[in-house]
Amino acid sequence: MDRRNFIFNSISLAAGSLGLSMYLSACGTQKQVQASNKSGLITLPLQSFKNEKGEYREMVSVNAEGVPYVIFVFRKTESEFTALKGMCTHNACDLNPVQTGLDCPCHGSRFNKEGTVLNGPASKNLTRYFTSVSGNDLLINLNKVIP
Ligand code: FES
């Protein structure tokens, strides 16, 4: 291996490690939850956002009955949440959570935690659903999209 290849390989290895650690870091603050779905109204206990130590998670990924994609819910404050359809707007691949938001493994599109496109080829932002807090639950309305 010549010097040039050694440097390239070292940089690639470091970048891969960084990406993995960023992904794992993002995973450490999220949880997968099963949720009920009544005519497009998803009900999720707010308790889902707390970890075993009682600390808040930044994000929960929701698998809802009859919904063929994951809904990623980011907690901004006690009453403010962003619920995003976990499907890439470029070609419908499932998205992965990362430190900065959501990444698409298919062609590299990246979205922030509000669903805004950071990098193409996707040109449309993610679908955002209306959310509201009712008692101890977070309600996600799949029939009401935020423009
Ligand atoms: S399907 Fe996501 S970037 Fe192509």
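Me: Over how many bridges do E5 and strand E10 pair?
Reply: This is a predicted model: local features need pLDDT of at least 70, side-chain atom pairs count only at pLDDT 80 or more, and totals for chains, interfaces and linings use all residues. Residues are numbered from 1 along each chain as its sequence is written. Two strands pair if DSSP finds at least two bridges between them. E10 covers residues 128–134, and its antiparallel pairing with E5 has a bridge count of two.

Me: Which residue in E10 is the bridge partner of Ala 83?
Reply: Ala 83 points the same way from E5 as Phe 81 and Lys 85. Across in E10, its bridge partner is Tyr 129.

Me: How many helices and strands does the chain have?
Reply: Both kinds of element are DSSP runs, numbered from the N terminus: helices are H or I with at least four residues, strands are E with at least two. Along the sequence, the pattern is α-β-β-β-β-β-β-β-β-β-β-β. The count is one helix and 11 strands.

Me: How many residues of E5 are buried?
Reply: A residue is buried if 20 or more other C-beta atoms lie within 10 Å of its own, exposed if 12 or fewer, and partly exposed in between, with C-beta atoms placed from the backbone. Across the 147 residues of the chain, 24% count as buried. In E5, Phe 81, Ala 83 and Lys 85 point one way, Thr 82 and Leu 84 the other, and all are buried. For residues 81–85, the buried count is five of five.

Me: Which residue in E5 is the bridge partner of Phe 72?
Reply: E4 (residues 71–75) and E5 run antiparallel, joined by five bridges. They form a hairpin with five residues between them. The E5 partner of Phe 72 is Leu 84.

Me: What share of the contacts with a separation of 6 or more comes from residues 24 or more positions apart?
Reply: Two residues are in contact if their C-beta atoms, placed from the backbone, lie within 7 Å. Of the chain's contacts with a separation of 6 or more, residues 24 or more positions apart account for 43%.

Me: Which strands stand at the edges of the open sheet of four strands?
Reply: The order is E6-E7-E8-E9, with antiparallel pairing. Each edge strand has a single partner, so one side of each is left without a neighbour in the sheet. The edge strands are E6 (96–98) and E9 (117–119).

Me: Which residue in E7 stands opposite Asn 96?
Reply: E6 and E7 (residues 101–103) pair in the antiparallel sense over three bridges. Opposite Asn 96 stands Asp 103.

Me: How far apart in space are Val 98 and Lys 113?
Reply: Val 98 is in strand E6. Val 98 is partly exposed, with 17 other C-beta atoms within 10 Å. In sequence, Val 98 and Lys 113 are 15 residues apart; C-alpha to C-alpha, their separation is 9.6 Å.

Me: Is Ser 39 buried or exposed?
Reply: Ser 39 is in the loop between E1 (30–38) and E2 (41–45). Its phi is near 55°, positive in a residue other than glycine. With 7 other C-beta atoms within 10 Å, Ser 39 is exposed.

Me: What is the phi of Ala 92?
Reply: Ala 92 lies in the loop between E5 and E6. Ala 92 counts as exposed, with 10 C-beta neighbours inside 10 Å. It is not a glycine, yet its phi is positive, about 65°.

Me: What is omega for the peptide bond from Gly 120 to Pro 121?
Reply: Pro 121 is in the loop between E9 and E10. The bond from Gly 120 is cis, with omega near 20°.
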